[in-house]
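Good morning, and thank you for joining this group meeting.

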Amino acid sequence: MASLEQSRHLVTDIPGPASMELNKRRAAAVSRGVAVTLPVFVVRAGGGVLEDADGNRLIDLGSGIAVTTIGNSAPRVVDAVRAQAAEFTHACFMVTPYEGYVAVAEQLNRITPGSGEKRSVLFNSGAEAVENAVKVARAYTRKSAVVAFDHAYHGRTNLTMALTAKSMPYKSGFGPFAPEIYRAPLSYPYRDGLLDKDMATDGQLAAARAINVIEKQVGASNLAAVVIEPIQGEGGFIVPAPGFLPALLDWCRANNVVFIADEVQTGFARTGAMFACEHEGVAPDLICTAKGIAGGLPLSAITGSADIMDAPHVGGLGGTFGGNPLCCAAALAAIATIERDGLIERARQIERLITEPLLRLQAADDRIGDVRGRGAMIAVELVKSGTAEPDAELTRKLSAAAHAAGVIVLTCGMFGNIVRLLPPLTITDEVLAEGLDVLAGLLAEL
């Protein structure tokens, strides 16, 4: 297939007539419980551009929610999957194992934070990884309680819905949820700073606040695990104050509590490090990965300390499709692409390319309350002019206008007032700059 031209090009309204016809079929065939952010039907994608059924080319600042980090249909991934598909497409690893699964586990053990002996296990989705990490922690500690944090998002299964903070649309009407789940306050520098400037800048102080809640409401003797996103995803791209994560880890280590890092959205070069924990030198006991792991194919993993990972009884972990051979081939190719093509450094370049114009925009527009994030994971928190009050309506209007103009952006946050930018690391400087210019122009119009 010829490479996709890297430019925004609109030939119809968004959505166009072909997409509208396909949307009629979608409405008739697909459960209405599945939401669609932008109702254009994709026919090809690559670099920083998607092409729809009407021939429109749209700038992709979402990466399918941080999945196509190395670009859509990355060449090494395509070649690896094609070759594997010709050999065999499935052999349940729990029945007859195969080398690809082992090779992915070896690579994860190598590249994840921490220097001790490790083990990995493969699944299909981020929620599966988090749910199984809790199983592993409970098996290891013989304790049952689990602590998650304000604004957290960990998935849509029953247990991970319980861990997730936001009710609508993720939890509302779907209970009762798994028991023995508790919530602690996160370090949220922008919002904390409105009340206490020390709390906003001192991660250890914010950690002490969280630990106080944990000790009083749960008790270390009952607590199997603390589950946290090093940088929150759906919760608003919240980067905890420096020192917050290390202080939590130290407390967990002192109290026989398993520290689980949910790096589903932050992993695999997204934040300008292979894993976001590395920014603060944190080596979690267990790390959950998915999304960017396999270049667009469904794969997830837990990697961690061998003694913890080996705690469950034989047969206690697994799943029919976990570590599917096609996905394993894709993961090996994705990791090779990140390392050989310098995509960690590229994420750092993208951070500068996004944040510098956004910070200039913020200085001139008090509706931009905060610009934050790392690497190619940057958020803009929108507020009502002259206040810190979240402005969900402005956020909705800005994202809708961007979509109509051919720029795919996503929103997030407990208050629905955050625009999140997750471009593929293969996006060109020119396409990225155009996408940001479109957003800036639309914000000025609004």
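I shall speak about a helix, then salt bridges, then a cavity, and finally one further residue. Please keep in mind that this is a predicted model.

Let us begin with helix 15. Helix 15 is formed by residues 429–445, which makes 17 residues. From its first C-alpha to its last it reaches 24 Å, close to the 24 Å expected at 1.5 Å a residue.

Which residues of helix 15 are buried? They are Val 431, Leu 432, Gly 435, Leu 436, Val 438, Leu 439, Leu 442 and Leu 443. These residues lie on the same side of helix 15, because they cover an arc of only 150° around the axis. The face of helix 15 turned away from the buried side carries exposed residues, namely Glu 430, Asp 437, Ala 444 and Glu 445.

I turn now to the salt bridges. In general, side chains of opposite charge can pair when their charged atoms come close. How many salt bridges does a search of the whole structure find? The search finds 23.

One of these involves helix 15. The side chain of Asp 429 meets that of Arg 346 in a salt bridge, at 2.8 Å from N to O. This pair links distant parts of the chain, since Asp 429 belongs to helix 15 and Arg 346 to helix 13 (residues 343–364), 83 residues apart. Asp 429 counts as partly exposed, at 38% relative accessibility, whereas Arg 346 is buried, with a relative accessible area of 13%. There is also a network: Arg 191, Asp 370, Arg 372 and Glu 381 are joined into one by salt bridges that share partners.

Next, consider the side chains of Glu 234 and Arg 420, which meet in a salt bridge at 3.0 Å, N to O.

We come to the cavity. A search of the whole structure finds one cavity of 30 Å³ or more. The largest cavity has a volume of about 70 Å³. Which residues line the largest cavity? Among them are Pro 230, Ile 231, Val 239, Pro 240, Leu 245 and Ala 276. The lining also includes Cys 277, His 279, Glu 280 and Arg 374. By class, seven of the lining residues are nonpolar, one is polar and two are charged.

My last point concerns Ala 392. This residue is in helix 14 (residues 392–404), and at 32% relative accessibility it counts as partly exposed. The C-alpha atoms of Ala 392 and Cys 412 are separated by 9.8 Å, while the two residues are 20 residues apart along the chain.

Thank you for your attention.

Key. Residues numbered from 1 in each chain as written. Predicted model: local features only at pLDDT ≥ 70, side-chain atom pairs only at ≥ 80, totals over all residues. Heavy atoms only, no water. 1 Å grid on protein atoms, 1.4 Å probe; cavity = no way out; pocket = protein on both sides within 12 Å on 5 of 7 lines; lining within 4 Å. Points joined across faces, edges and corners; volume = space filled by probe spheres on them. Nonpolar A, V, L, I, M, F, W, Y, C, P; charged D, E, K, R; others polar. Helix = DSSP H or I, 4+ residues; strand = E, 2+ residues; numbered from the N terminus. Expected span 1.5 Å × (residues − 1). Buried < 20%, exposed > 50% of the residue type's maximum accessible area, 1.4 Å probe, protein only. Arc of directions from axis to C-beta. Salt bridge = Lys/Arg side-chain N within 4 Å of Asp/Glu carboxyl O.
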